[in-house]
Amino acid sequence: MLVVANWKMNPDSLFEAKKIFNELKKAKFDRRAVTPVICPAFVHLESLSHKYRGGAFKFGAQNIAPFSSNREMTGEISASMVKDLRVEYVIIGHSERRKLGEDNNLLAKKIANALKNKITPIVCLGEEARDQDAGHLRELEKQIREILGEFSKEAVRKIVLVYEPVWAVGEKGSVIEVHDLNQTVLFIRKILVGMFDRKMGMSLPILYGGSVNEENIDEILKGDIHGFLIGRASVNPFTLKKILKRVTAV
Ligand code: PGA
(Lines give C-alpha, C1' and ligand atoms only; values in the text may rest on other atoms or scores of the structure.)
Protein backbone atom coordinates (compact mmCIF):
# COMPACT_ATOMS: atom_id res chain seq x y z
CA MET A 1 0.00 0.00 0.00
CA LEU A 2 1.07 3.54 -0.74
CA VAL A 3 -0.27 6.40 1.37
CA VAL A 4 0.46 9.74 -0.25
CA ALA A 5 0.10 12.81 1.96
CA ASN A 6 -0.67 15.80 -0.25
CA TRP A 7 -0.11 18.78 2.01
CA LYS A 8 -1.04 21.19 -0.79
CA MET A 9 -0.41 24.81 0.24
CA ASN A 10 -0.13 23.91 3.95
CA PRO A 11 1.09 24.66 6.57
CA ASP A 12 1.91 28.38 6.58
CA SER A 13 5.42 28.08 8.02
CA LEU A 14 8.44 25.82 7.94
CA PHE A 15 8.27 25.69 11.73
CA GLU A 16 4.83 24.07 11.55
CA ALA A 17 5.85 21.72 8.73
CA LYS A 18 8.76 20.47 10.85
CA LYS A 19 6.47 20.03 13.83
CA ILE A 20 4.07 17.90 11.79
CA PHE A 21 6.87 15.76 10.37
CA ASN A 22 8.54 15.31 13.79
CA GLU A 23 5.25 13.99 15.13
CA LEU A 24 4.80 11.71 12.13
CA LYS A 25 8.23 10.21 12.64
CA LYS A 26 6.97 8.74 15.91
CA ALA A 27 4.38 6.68 14.02
CA LYS A 28 4.48 2.96 14.55
CA PHE A 29 3.34 0.83 11.62
CA ASP A 30 4.46 -2.13 9.58
CA ARG A 31 6.92 -0.71 7.05
CA ARG A 32 6.59 -3.74 4.82
CA ALA A 33 2.85 -3.17 4.49
CA VAL A 34 2.76 0.54 3.73
CA THR A 35 4.96 3.23 2.22
CA PRO A 36 3.95 6.72 3.32
CA VAL A 37 4.96 9.49 0.91
CA ILE A 38 4.99 13.03 2.27
CA CYS A 39 4.44 15.74 -0.33
CA PRO A 40 5.09 19.12 1.30
CA ALA A 41 5.25 22.46 -0.48
CA PHE A 42 8.49 22.92 -2.47
CA VAL A 43 9.79 25.51 0.00
CA HIS A 44 9.55 23.00 2.87
CA LEU A 45 10.75 19.95 1.01
CA GLU A 46 14.47 20.24 1.49
CA SER A 47 14.35 21.14 5.17
CA LEU A 48 12.27 18.06 5.88
CA SER A 49 14.11 15.59 3.65
CA HIS A 50 17.61 16.96 4.30
CA LYS A 51 18.80 14.87 7.24
CA TYR A 52 16.17 12.19 7.05
CA ARG A 53 17.87 8.96 6.00
CA GLY A 54 16.63 5.42 5.82
CA GLY A 55 13.34 6.06 7.61
CA ALA A 56 9.93 4.71 6.69
CA PHE A 57 8.77 7.95 5.05
CA LYS A 58 9.50 8.83 1.44
CA PHE A 59 9.20 12.27 -0.09
CA GLY A 60 7.21 13.48 -3.05
CA ALA A 61 6.84 16.79 -4.86
CA GLN A 62 3.41 18.23 -5.65
CA ASN A 63 4.41 19.25 -9.15
CA ILE A 64 7.30 19.50 -11.62
CA ALA A 65 7.92 21.44 -14.80
CA PRO A 66 7.07 19.92 -18.16
CA PHE A 67 10.51 21.02 -19.45
CA SER A 68 13.97 19.54 -19.08
CA SER A 69 16.47 21.36 -16.85
CA ASN A 70 18.61 24.42 -17.39
CA ARG A 71 16.07 26.47 -19.24
CA GLU A 72 14.98 30.04 -19.12
CA MET A 73 11.68 29.36 -17.44
CA THR A 74 10.82 31.71 -14.60
CA GLY A 75 9.22 30.16 -11.57
CA GLU A 76 9.42 26.53 -12.67
CA ILE A 77 11.07 23.64 -10.81
CA SER A 78 12.56 20.84 -12.89
CA ALA A 79 12.44 17.11 -12.25
CA SER A 80 16.23 17.05 -11.85
CA MET A 81 16.11 19.78 -9.15
CA VAL A 82 13.57 17.73 -7.26
CA LYS A 83 15.56 14.54 -7.74
CA ASP A 84 18.56 16.30 -6.25
CA LEU A 85 16.57 16.63 -2.98
CA ARG A 86 16.17 12.83 -2.94
CA VAL A 87 12.53 13.05 -3.85
CA GLU A 88 11.22 9.74 -5.17
CA TYR A 89 7.67 10.61 -6.21
CA VAL A 90 5.78 13.44 -7.84
CA ILE A 91 2.04 14.14 -8.04
CA ILE A 92 1.02 14.89 -11.62
CA GLY A 93 -2.37 15.98 -12.91
CA HIS A 94 -4.07 16.89 -9.66
CA SER A 95 -7.48 18.42 -10.38
CA GLU A 96 -6.49 21.62 -8.59
CA ARG A 97 -3.70 22.05 -11.14
CA ARG A 98 -5.90 21.05 -14.06
CA LYS A 99 -8.17 23.90 -13.00
CA LEU A 100 -5.20 26.21 -13.55
CA GLY A 101 -5.09 25.06 -17.16
CA GLU A 102 -2.89 21.95 -17.17
CA ASP A 103 -4.11 19.68 -19.96
CA ASN A 104 -3.45 16.02 -20.74
CA ASN A 105 -0.74 16.87 -23.24
CA LEU A 106 1.17 18.89 -20.65
CA LEU A 107 0.76 16.14 -18.06
CA ALA A 108 2.28 13.61 -20.44
CA LYS A 109 5.36 15.87 -20.72
CA LYS A 110 5.65 16.07 -16.94
CA ILE A 111 5.40 12.29 -16.68
CA ALA A 112 8.13 11.88 -19.29
CA ASN A 113 10.40 14.25 -17.33
CA ALA A 114 9.73 12.46 -14.07
CA LEU A 115 10.52 9.07 -15.60
CA LYS A 116 13.68 10.41 -17.21
CA ASN A 117 14.84 11.45 -13.74
CA LYS A 118 13.78 8.19 -12.12
CA ILE A 119 11.01 9.79 -10.10
CA THR A 120 7.76 7.81 -9.81
CA PRO A 121 4.84 9.80 -11.23
CA ILE A 122 1.65 9.59 -9.18
CA VAL A 123 -0.86 10.42 -11.89
CA CYS A 124 -4.35 11.63 -10.95
CA LEU A 125 -7.37 10.74 -13.07
CA GLY A 126 -10.96 11.53 -12.32
CA GLU A 127 -14.20 12.90 -13.64
CA GLU A 128 -15.69 16.29 -12.76
CA ALA A 129 -19.12 14.85 -12.02
CA ARG A 130 -21.15 11.66 -12.42
CA ASP A 131 -24.22 11.40 -14.61
CA GLN A 132 -26.78 8.81 -15.63
CA ASP A 133 -25.47 8.12 -19.13
CA ALA A 134 -21.93 7.20 -18.01
CA GLY A 135 -20.36 10.38 -19.40
CA HIS A 136 -17.89 10.17 -16.55
CA LEU A 137 -16.51 6.92 -17.96
CA ARG A 138 -15.92 8.55 -21.35
CA GLU A 139 -14.19 11.41 -19.60
CA LEU A 140 -11.94 8.98 -17.72
CA GLU A 141 -11.15 7.00 -20.85
CA LYS A 142 -10.18 10.18 -22.69
CA GLN A 143 -7.82 11.16 -19.87
CA ILE A 144 -6.17 7.73 -19.81
CA ARG A 145 -5.71 7.57 -23.57
CA GLU A 146 -4.43 11.12 -23.92
CA ILE A 147 -2.08 10.98 -20.95
CA LEU A 148 -0.68 7.47 -21.34
CA GLY A 149 -1.14 6.91 -25.07
CA GLU A 150 2.38 7.93 -26.08
CA PHE A 151 4.15 5.83 -23.45
CA SER A 152 5.52 2.32 -23.83
CA LYS A 153 4.36 -0.51 -21.62
CA GLU A 154 7.73 -0.43 -19.84
CA ALA A 155 7.28 3.27 -19.01
CA VAL A 156 3.69 2.91 -17.80
CA ARG A 157 4.75 0.10 -15.50
CA LYS A 158 6.72 2.70 -13.50
CA ILE A 159 3.66 4.90 -12.95
CA VAL A 160 1.20 4.89 -10.05
CA LEU A 161 -2.35 5.93 -10.94
CA VAL A 162 -4.79 7.63 -8.61
CA TYR A 163 -8.48 7.54 -9.24
CA GLU A 164 -9.53 10.82 -7.69
CA PRO A 165 -12.98 12.01 -8.79
CA VAL A 166 -13.04 15.80 -8.70
CA TRP A 167 -16.41 15.83 -6.89
CA ALA A 168 -14.83 13.89 -4.00
CA VAL A 169 -11.93 16.27 -3.40
CA GLY A 170 -11.76 19.00 -0.76
CA GLU A 171 -14.13 20.45 1.79
CA LYS A 172 -17.20 20.24 -0.44
CA GLY A 173 -16.35 16.70 -1.51
CA SER A 174 -17.81 13.43 -0.37
CA VAL A 175 -16.09 10.07 -0.32
CA ILE A 176 -17.03 7.48 -2.95
CA GLU A 177 -19.05 4.32 -2.26
CA VAL A 178 -16.91 1.17 -2.37
CA HIS A 179 -19.14 -0.38 -5.03
CA ASP A 180 -18.70 2.62 -7.34
CA LEU A 181 -15.00 2.70 -6.59
CA ASN A 182 -14.51 -0.93 -7.54
CA GLN A 183 -16.54 -0.54 -10.73
CA THR A 184 -14.50 2.46 -11.80
CA VAL A 185 -11.17 0.85 -10.98
CA LEU A 186 -12.19 -2.14 -13.08
CA PHE A 187 -13.14 0.19 -15.91
CA ILE A 188 -9.71 1.85 -15.73
CA ARG A 189 -8.05 -1.58 -15.76
CA LYS A 190 -10.03 -2.64 -18.83
CA ILE A 191 -8.82 0.41 -20.74
CA LEU A 192 -5.24 -0.32 -19.69
CA VAL A 193 -5.58 -3.96 -20.75
CA GLY A 194 -6.77 -2.80 -24.17
CA MET A 195 -3.96 -0.24 -24.52
CA PHE A 196 -1.14 -2.39 -23.19
CA ASP A 197 -1.70 -5.96 -22.05
CA ARG A 198 -3.66 -7.97 -19.55
CA LYS A 199 -0.89 -8.43 -17.01
CA MET A 200 -0.01 -4.75 -16.93
CA GLY A 201 -3.62 -3.58 -16.92
CA MET A 202 -4.57 -5.81 -14.04
CA SER A 203 -1.50 -5.18 -11.89
CA LEU A 204 -0.73 -1.46 -12.21
CA PRO A 205 -1.12 0.16 -8.77
CA ILE A 206 -4.26 2.29 -8.53
CA LEU A 207 -4.83 4.47 -5.48
CA TYR A 208 -7.98 6.30 -4.45
CA GLY A 209 -8.14 9.97 -3.47
CA GLY A 210 -10.89 12.31 -2.29
CA SER A 211 -12.11 13.02 1.26
CA VAL A 212 -10.30 10.07 2.87
CA ASN A 213 -10.11 10.42 6.64
CA GLU A 214 -9.81 8.33 9.78
CA GLU A 215 -13.59 7.80 9.94
CA ASN A 216 -14.07 6.37 6.45
CA ILE A 217 -10.71 4.66 5.91
CA ASP A 218 -11.89 1.22 7.05
CA GLU A 219 -14.76 1.27 4.57
CA ILE A 220 -12.64 2.41 1.60
CA LEU A 221 -10.04 -0.20 2.46
CA LYS A 222 -12.60 -2.76 1.31
CA GLY A 223 -12.12 -1.39 -2.21
CA ASP A 224 -9.83 -2.84 -4.85
CA ILE A 225 -7.04 -0.29 -4.37
CA HIS A 226 -3.35 -0.07 -3.54
CA GLY A 227 -3.49 2.96 -1.28
CA PHE A 228 -4.63 6.56 -0.96
CA LEU A 229 -3.92 10.12 -1.89
CA ILE A 230 -4.92 12.17 1.13
CA GLY A 231 -5.28 15.94 1.36
CA ARG A 232 -6.82 17.57 4.42
CA ALA A 233 -6.51 14.61 6.77
CA SER A 234 -2.80 14.23 6.02
CA VAL A 235 -1.76 17.59 7.44
CA ASN A 236 -2.81 16.49 10.89
CA PRO A 237 -0.04 14.13 12.05
CA PHE A 238 -2.24 12.41 14.62
CA THR A 239 -4.86 11.62 11.99
CA LEU A 240 -2.28 10.44 9.48
CA LYS A 241 -0.67 8.20 12.11
CA LYS A 242 -4.06 6.60 12.80
CA ILE A 243 -4.64 6.11 9.07
CA LEU A 244 -1.26 4.41 8.65
CA LYS A 245 -2.09 2.10 11.49
CA ARG A 246 -5.49 1.23 10.00
CA VAL A 247 -3.98 0.57 6.57
CA THR A 248 -1.41 -1.82 8.00
CA ALA A 249 -4.00 -3.60 10.13
CA VAL A 250 -5.73 -5.15 7.08
P1 PGA B 1 -8.88 15.72 0.30
O2 PGA B 1 -7.90 16.01 -0.92
O3 PGA B 1 -8.39 14.45 0.95
O4 PGA B 1 -8.73 16.90 1.18
O5 PGA B 1 -10.25 15.58 -0.27
C6 PGA B 1 -7.41 14.95 -1.70
C7 PGA B 1 -6.51 15.51 -2.76
O8 PGA B 1 -6.78 16.61 -3.23
O9 PGA B 1 -5.54 14.87 -3.17
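Modeller: Rings of Phe, Tyr and Trp (its six-membered ring) pair if their centres lie within 6.5 Å, and planes over 60 degrees apart count as edge-to-face. Bear in mind that this is a predicted model.

Biologist: Which residues form one aromatic cluster?

Modeller: A search of the whole structure finds 5 aromatic pairs. One aromatic cluster is made up of Phe 21, Phe 29, Tyr 52, Phe 57 and Phe 59.

Biologist: How many residues apart in sequence are the parts that Phe 21 and Phe 57 tie together?

Modeller: The ring centres of Phe 21 and Phe 57 are 5.8 Å apart and the planes stand at 80°, so this pair is edge-to-face. Phe 21 belongs to helix H1 (residues 14-24), while Phe 57 sits in the loop between helix H2 (42-49) and strand E3 (58-61), so the parts tied together are separated in sequence by 36 residues.

Biologist: Is Phe 29 buried or exposed?

Modeller: Phe 29 forms an edge-to-face pair with Phe 57, at 5.9 Å centre to centre and 85° between the planes. Phe 29 lies in the loop between H1 and strand E2 (35-39), so its pair with Phe 57 ties together parts 28 residues apart in sequence. Like Phe 57, Phe 29 is buried.

Key. Residues numbered from 1 in each chain as written. Predicted model: local features only at pLDDT ≥ 70, side-chain atom pairs only at ≥ 80, totals over all residues. Heavy atoms only, no water. Phe/Tyr/Trp six-rings, centres within 6.5 Å; stacked < 30°, edge-to-face > 60°. Helix = DSSP H or I, 4+ residues; strand = E, 2+ residues; numbered from the N terminus. Buried < 20%, exposed > 50% of the residue type's maximum accessible area, 1.4 Å probe, protein only.
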